[in-house]
Amino acid sequence: MAAFNLTPSDSSPFILTGIPGLDAAHLWISIPFATFYIIGLLGNFTVLFVVGKERTLHKPMYLLLCMLALTDIGMSTSVVPMALCIFWFNLKGITVSGCLTQMFFIHTVSVMQSAVLVTMAFDRYVAICNPLRYATILTNTQIAKLGLVGLIRAVIFILPLPLLLSRQPFCANRIIPHTYCEHMAVVKMSCGDITVNRTYGLVVAFVVNGADLILIALSYGLIIRAVLRISSKKAHQKALNTCTAHICVMLMSYIPSLFSYLTQRFGAGIASHVHVIFANFYLLVPPMLNPIIYGVKSKELHDKVGKYTCKR
């Protein structure tokens with residue numbers, strides 16, 4: 001996608017400082033960044049490869065795992081290469097158009113991932129609460145359509161963020177105390193009236209993340225109620241095992257994200273480096289752990305991965 005067009009007055013670059021106050025430790029901090037990123041790439045590309053190769057895995061649940069893997073790769077790749085350039089080579093400059101483009105991709109993929117997590121919760125709800133109709137309610141075609149709807153929703157909601165910012169006059173001091181162009185961090189660089197930008201960002205957070213969290217909580221509430229009614233101990237355990245992986249992924253994705261969002265807006269007393277670390281946490285750790293969690297919890301996927309990794 002082309003970078004956002006800006007006026008000539010916005011030609012001066014932004015400076016991303018990395019993790020503020022921890023400049024001396026940047027080289028050491030880069031080690032977990034690079035390690036988590038590489039492990040995440042290997043894990044998610046393995047999921048994509050195995051599901052693509054194995055026709056028995058061409059099912060809605062595994063197609064959703066592929067969508068989750070793609071969003072994980074997209075989120076971490078939007079941030080980590082730039083962060084490593086800051087840590088290793090002290091390359092801190094980024095053009096305004098480049099910054100807004102990075103911001104667009106990060107937040108679009110984040111909203112897209114939220115849509116995938118909602119669909120996964122609905123998938124588990126149908127599988128456990130209405131198993132006889134699962135094959136007719138959720139087909140591979142339906143999953144593809146839901147994925148497309150999630151992508152369109154993400155673009156519609158996030159596109160106004162960089163477009164609104166591209167019309168703002170930016171101050172002479174363009175130092176952003178962050179490793180990437182997070183929306184509110186860039187908004188604070190403006191010398192103009194940012195009321196619309198702040199309000200729209202707040203609306204997106206509450207409408208998108210709020211609605212998604214409510215739908216996820218509702219799905220798992222109904223799932224837990226159905227599981228408690230299962231008389232078979234074996235079926236009861238199987239349902240709980242399936243849901244445990246999903247709930248772990250939801251918690252890892254939403255809690256750091258919400259903490260980062262709230263501290264950026266309302267956490268004036270929280271140290272900058274704490275906020276930046278958490279902001280990077282939810283873009284680095286979930287993409288690394290998601291394929292591991294599903295690889296362990298899903299026996300079918302675990303066996304198929306073993307088929308390729310344990311070849312002699």
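Which helix supplies the largest share of the lining of the second largest pocket? Helix 8, with 8 residues.

Two notes on the source. This is a predicted model, in which local features need pLDDT of at least 70 and side-chain atom pairs count only at pLDDT 80 or more, while totals for chains, interfaces and linings use all residues. Residues are numbered from 1 along each chain as its sequence is written, and side-chain values use heavy atoms, with hydrogens and water left out.

Terms next. The search runs on a 1 Å grid over the protein atoms alone. A cavity is a set of points where a 1.4 Å probe fits but cannot get out. A pocket is an open set with protein on both sides within 12 Å along at least five of seven lines. Lining residues have an atom within 4 Å of a point. Points are joined across faces, edges and corners, and a volume is the space filled by probe spheres set on them. Helices are DSSP runs (H or I, at least four residues), numbered from the N terminus.

Back to that pocket. The second largest pocket has a volume of about 430 Å³. Its lining counts 23 residues, with G201, A205, N209, S257 and Y261 nearest the centre. Two or more lining residues come from each of helix 3 (96-129), helix 7 (183-187), helix 8 (195-228) and helix 9 (233-266). By class, the lining has 13 nonpolar, 8 polar and 2 charged residues. Here Ala, Val, Leu, Ile, Met, Phe, Trp, Tyr, Cys and Pro are nonpolar, Asp, Glu, Lys and Arg are charged, and the others, Gly among them, are polar.

The largest cavity has a volume of about 90 Å³. Among its lining residues are M75, Q113, N209, S257 and Y282. N209 and S257 also belong to the five nearest the centre of the second largest pocket. Helix 3 gives the largest share of this cavity's lining, 4 residues. Helix 9 and helix 10 (272-297) each supply at least two.

Helix 1 (26-53), helix 2 (60-89) and helix 10 each give two or more residues. Helix 2 gives the most, 4. The classes are 7 nonpolar, 2 polar and 1 charged.
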